[in-house]
Amino acid sequence: AGQEQCLWQMAEESPSNSNTDTGEEVRPSVWSSVPALPAPSDAATQLQVGETVSLEDRLGPLVVNADGSLSRIANWENMTEAEKANTIRVLGRRNGIRLANLNSMQAGDSN
């Protein structure tokens, strides 16, 4: 954010030059360091009204961490179906154990 603010300040402080021959505005050189927006994706998912979508298919299952925070598996979309099935099996067991531990810790704290 600091760099963006610096770029905006530099752009505002720079005099706006115009090319008198064509009437076009000459942009300050600071804009050459700003990356362009990505092109629109052709792979965008289009949904029909009332259609349901499973985010687990795209994002993968939730992982319960030992401290109770939640995360997802970063490379879920790159896994094979066999790897996904194995991961879900292991995560189901591990998440259950971690949730039980967290619940018992919470019950111990309330007594």
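Trainee: How many helices and strands does the protein chain have?
Mentor: The secondary structure comes to 3 helices and 4 strands. Along the sequence, the protein chain follows the pattern α-β-β-α-β-β-α. Keep in mind that this is a predicted model.

Trainee: Which residues of α3 are buried?
Mentor: Lys84, Thr87, Leu91 and Asn95 are buried in α3. What covers the buried residues of this helix includes α2 (55–59) and β3 (62–64).

Trainee: Why is Lys84 called buried?
Mentor: Buried means under 20% relative accessible area. Lys84 has 14%, so Lys84 is buried.

Trainee: And what about Glu81, buried or exposed?
Mentor: The cut-off for exposed is over 50%. Glu81 has a relative accessible area of 61%, so Glu81 is exposed.

Trainee: What makes the pair Lys84 and Glu81 a salt bridge?
Mentor: A side-chain nitrogen of Lys or Arg has to be within 4 Å of a carboxyl oxygen of Asp or Glu. For Lys84 and Glu81 the closest N and O atoms are 3.9 Å apart, and the pair forms a salt bridge. The structure holds 1 salt bridge.

Trainee: Where do Lys84 and Glu81 lie?
Mentor: Both lie in helix α3, 3 residues apart, about one turn of the helix. An α-helix has 3.6 residues a turn, so residues three or four places apart point the same way.

Trainee: Why does Thr87 count as buried?
Mentor: Thr87, which lies in helix α3, has a relative accessible area of 16%; the limit is under 20%, so Thr87 is buried. Leaving out residues up to four places away in sequence, Thr87 touches Ile73, Trp76 and Met79.

Trainee: Which residues form the largest nonpolar core?
Mentor: That core has 5 residues: Val63, Ile73, Trp76, Met79 and Leu91. Leu91 is also one of the buried residues in α3.

Trainee: Which residues form a nonpolar patch on the surface with Val53?
Mentor: Leu47, Leu55 and Leu59 form the patch together with Val53, and their accessible area together is about 360 Å².

Trainee: What can you say about the protein chain in total?
Mentor: Of its 111 residues, 13% count as buried. The protein chain exposes about 9400 Å², and carbon and sulfur atoms supply 52% of that area.

Terms used:
Residues numbered from 1 in each chain as written. Predicted model: local features only at pLDDT ≥ 70, side-chain atom pairs only at ≥ 80, totals over all residues. Heavy atoms only, no water. Buried < 20%, exposed > 50% of the residue type's maximum accessible area, 1.4 Å probe, protein only. Helix = DSSP H or I, 4+ residues; strand = E, 2+ residues; numbered from the N terminus. Contact = heavy atoms within 4.5 Å. Patch = residues over 30% accessible without salt bridge, like charges linked within 9 Å, V, L, I, M, F, W, Y side chains within 5 Å. Areas by Shrake-Rupley, 256 points an atom, 1.4 Å probe, with all protein chains shown as cover. Core = buried A, V, L, I, M, F, W, Y, C linked by side-chain atoms within 4.5 Å.
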